[in-house]
Structures are given as C-alpha cells and as structure tokens.
Amino acid sequence: MTEQEIEFLLNQALKDMFYSVLRLQEQSVSRLANGNLSRTEMHALEIVQDIPDATLTQIAEILGVTKATISVSVNRLVEKGFLTKAQAQNDRRKSILMLTQTGEEMCRKHKQFHDMLIGSVMHEFHVEEYPEVLRSMQALVNFFNHLRV
C-alpha cells in the first residue's frame, strides 16, 4: 500500500470515528438521562467529578466554551438535580459545585460507556501493541491541543 493510500484510509477512519463518537455519545447520554441531558452537560458533570473545586472558568476552558455558556449549563444542571451550587466562604464570587446522587449515578453510567469503548479497542490489539496504540492516540490529542485557540 502506498503512503497516499494509507493517508486516505487514515483520514476516512478519523472522520468515521469522529462522527460515530459524537452520535453514539449523544444517543448514550440522552438514553441514560431520558433525554434530559446534553453531551456538554454530561461532560461538565464529569469535570466536576474529576476536579474537586472546579471553577466555571476551568470547566469552560476544558470544554472549549465560554464562561457564559457553561454558567447556563451549570444552572440547568442544578435545576435538573444533577449538581448543587454554593458560594465559597472565602471568596463569594466563586461557586462550589458538587454532584448530587443523581449526578454521581449519571457519571457512573457514562463511565461504563467509556469503559466499553476502551475495552472494544483493546480487544482488537495484542498487549504488546498497547504502547503503540496509546502513542497514536496521544499524537491525536497533542495535535488537537496544539490547534486549540
């Protein structure tokens, strides 16, 4: 196979993967929350779970959205019962976000989706190949992070 053919196939695989992940994640999140949660809201919940004392600014930066957008999403998550929000005692401008039991359950279920995805990928390779797979994935992450404005 020529380098040009490999580049074409790699491009096609990346496009297919990108669209499939977006579609499947949207469907998975919607199904788990009975249509009551967007993909962005789910990822905001994940960040609150992963980063104790995460600020709205941090969440916005990680998700690549504005602080105003994440503020609206967080308020919706509070209204829907997935998060609680309180003012920090030492800095009243700062909000402390915490998952409710429902929010924790959503994160647990969403993690199962990620675990299934990872398991599926790992099943396709031998253990000796895992470092190469990881290196490839890290190269993509580095590329996306480099492009991030």
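Biologist: What should I keep in mind before I start?

Modeller: The model is predicted, so local features need pLDDT of at least 70 and side-chain atom pairs count only at pLDDT 80 or more, while totals for chains, interfaces and linings use all residues. Residues are numbered from 1 along each chain as its sequence is written, and side-chain values use heavy atoms, with hydrogens and water left out.

Biologist: How many helices and strands are in the chain?

Modeller: Elements are DSSP runs numbered from the N terminus: helices are H or I with at least four residues, strands are E with at least two. Here you will find six helices and two strands, in the order α-α-α-α-β-β-α-α from the N terminus on.

Biologist: What share of the residues counts as buried?

Modeller: Buried means under 20% relative accessible area, exposed over 50%, and partly exposed in between, with a 1.4 Å probe and protein chains only. Of the 149 residues in this chain, 23% are buried.

Biologist: Where does threonine 100 sit, and why does it count as buried?

Modeller: Threonine 100 lies in the loop between β2 (95-99) and α5 (101-123). Threonine 100 counts as buried because its relative accessibility is 18%.

Biologist: Which residues does threonine 100 contact, leaving aside neighbours within four places in sequence?

Modeller: A contact means heavy atoms within 4.5 Å. With those neighbours left aside, threonine 100 touches Gly81, Phe82, Leu83 and Thr84. Across the chain, 45% of the contacts with a separation of 6 or more join residues 24 or more positions apart.
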